[in-house]
Amino acid sequence: RLVSNPKISKNSSSNEEHNYSQDEHLNTLLTNVVNEVTNYADRMNGQIRRLADIGRALSGVYDINNLLEMIVDEARNFTNADAGTLYIVEDNHLRFKIVQTHSLGIRMGGGSGDKIHFPPLEMKESNVSAYVAMKGLSVNIPDVYHSDLFDFTGPKKFDQSTGYRSKSMLVVPMRNHENDVIGVLQLLNAKNPKSEEIISFSPDYESLTESLASQAAVAVTNASLINEMENLFEAFVEVMATAIDEKSPVTGGHIKRVANLTMTMADVINE
């Protein structure tokens, strides 16, 4: 009798359709979640592989200027940031080494950029880059205009003079193998790869950029040590030649001429 009741039969059919609709909706949601997780995992795996490739590339560069420029280029590409600045700690100050803003065509420092005329930054905690260098902590700011944690007078003056709009900022310390902070890497205005909209630097990018900065610091330290060894060797040769020259001017002059001729031959072979 229940089955033959038209009202009950109609309600039963309606419930089945409703349940089917719910199941279909849940399946769609589950599929979307699985796809998002898969895409995220693939993207992170790609970034980690990219990080390893960058580390290998950095280890093969020994010219300091080219190395610093390469670090900022790779960091910007890695995080899809529009701008980047690299400072090196010198004499208790932060000295500008690389300054780049892609959208404004600014490229300063390094092996190919224009000369940097900005004065060094004092080690004051009110300055975000100095704070990072002093504390050894990373700072991730979604919008510098909506933050009162630091004094952003510098970026705001830059914006006024160029029409730029500084927004998201990621500042990380560059720690070498002895855990010393030798510099600071500052990235500005991360972009959504699809829409080009300015977005915040994600926590994942923050962690990966810290790894990149550490690799970069080790590479810079190694390059500096190699340059110092070369300078030490050249100084040793100069001292030895001078000592021989003092003992015998004739022999000393001969050694200097041989050294100059050798360097000339090396330069020609290298070219």
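Among the 24 residues of the largest nonpolar core, Leu68, Ile71, Leu86, Met174, Leu185 and Val220 touch the most other members. A nonpolar core here is a set of buried Ala, Val, Leu, Ile, Met, Phe, Trp, Tyr and Cys residues joined through side-chain atoms within 4.5 Å. The model is predicted: local features need pLDDT of at least 70, side-chain atom pairs count only at pLDDT 80 or more, and totals for chains, interfaces and linings use all residues. Residues are numbered from 1 along each chain as its sequence is written, and side-chain values use heavy atoms, with hydrogens and water left out.

- Another core, of 23 residues, lies apart from it and includes Ala83, Phe96, Val144 and Val184.

**Aromatic pairs**
- The whole structure holds six aromatic pairs (ring centres of Phe, Tyr and Trp, its six-membered ring, within 6.5 Å; planes under 30 degrees apart are stacked, over 60 edge-to-face, the rest tilted).
- Phe78 and Tyr205 pair edge-to-face, at 6.3 Å centre to centre and 65° between the planes.
- Phe78 is in helix H2 (residues 64-79) and Tyr205 in helix H5 (residues 203-247), so this pair ties together parts 127 residues apart in sequence.
- Phe78 is buried at 3% relative accessibility (buried is under 20% relative accessible area, exposed over 50%, partly exposed in between; 1.4 Å probe, protein chains only), whereas Tyr205 is partly exposed at 22%.
- Ring pairs also link Tyr87, Phe96 and Phe118 into a cluster.

How values were computed:
Helix = DSSP H or I, 4+ residues; strand = E, 2+ residues; numbered from the N terminus.
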